[in-house]
Amino acid sequence: MTDQAPITTDLLCPRCSTKLPVLEDKLPESCPGCSLLLRARKQKALNHNCKLAWKKALVWRGRAPRREFWGFAIITGGIGLALALLLDFIVGGHIISMIREHVYPIPQLPGMAIAILGAMAGAAMLLWLVCVPLPLFSVTVRRLHDVGRSMLLPMLTLLLWLGALVGVGAMCLMTAFVLIGGPGTDGVFTSNRVIAALAPGALAAVFSLIILMLCLMDSERGTNKYGPSVKYPLE
């Protein structure tokens with residue numbers, strides 16, 4: 001069996017305009033002139049895409065295909081859910097109480113084990129809460145770029161979530177003020193104040209759902225204003 005020589009075609013690289021060779025009716029994976037990705041490589045596992053999203057935590061430009069976004073979201077979301085369930089088990093929260101009552105009588109942990117595991121799980125959850133938002137936001141921005149949307153929607157959603165956090169914090173402070181019987185506590189929880197505190201969270205939840213639906217869309221083919229497609233670079 002003889003090796004087939006590559007055939008130079010009239011197809012040009014969209015970045016450097018180099019004529020592209022074809023071997024066995026296939027384009028090369030990358031341009032020989034500028035190394036631009038020309039056709040999608042074999043899909044990588046979710047953990048590979050999760051690591052890629054972590055490496056690009058500070059990258060706001062360019063595009064991210066669905067697999068990169070969902071690889072990060074599924075793995076980090078699964079870790080966060082596992083930590084939340086572990087904390088619920090340690091402190092005897094509602095979920096573990098329901099399991100003990102209706103499913104299986106899980107024994108209570110000894111006091112020393114609760115203290116040690118609680119501290120470890122709490123530290124892990126705090127680390128998760130600190131580390132995950134930045135790469136999640138950046139990969140979401142690049143995923144929206146991949147479907148031709150700007151970063152305006154995730155920025156607005158982030159501001160609304162921050163507003164909701166401030167509103168909830170203010171409500172907690174007012175609750176504490178009422179419980180200690182501070183002066184002038186009558187009328188603290190008026191309907192307007194409650195609505196003002198909860199409205200940003202409701203809007204943020206709606207916008208988050210819209211973003212999630214956009215992240216389910218397939219990549220735009222070819223090159224858009226945010227760069228070339230990883231999945232469909234020449235189409």
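I take a salt bridge to be a side-chain nitrogen of Lys or Arg within 4 Å of a carboxyl oxygen of Asp or Glu. The model I am reading is predicted, so I note that local features need pLDDT of at least 70 and side-chain atom pairs pLDDT 80 or more, while totals for chains, interfaces and linings use all residues. Residues are numbered from 1 along each chain as its sequence is written, and side-chain values use heavy atoms, with hydrogens and water left out.

**Salt bridges**

I searched the whole structure and found four salt bridges. In one of them Asp218 pairs with Arg66, the closest N and O atoms being 3.4 Å apart. Asp218 sits in the loop between α7 and β3 (223-224) and Arg66 in helix α2, so this pair ties together parts 152 residues apart in sequence; helices (H or I, at least four residues) and strands (E, at least two) are DSSP runs, numbered from the N terminus. I looked up accessibility next: Asp218 is partly exposed at 30% relative accessible area, and Arg66 is partly exposed at 29% (buried means under 20%, exposed over 50%, partly exposed in between, with a 1.4 Å probe and protein chains only).

**Around Asp146**

I then followed the network of salt bridges that links Arg63, Arg143 and Asp146. The side chains of Arg63 and Asp146 meet at 2.9 Å, N to O, and the pair links distant parts of the chain, 83 residues apart. Asp146 also bridges to Arg143, with 2.7 Å between the closest N and O atoms; the two are three residues apart in helix α5, which means a separation of about one helical turn. I recorded Arg63 as buried at 6% and Asp146 as buried at 1%.
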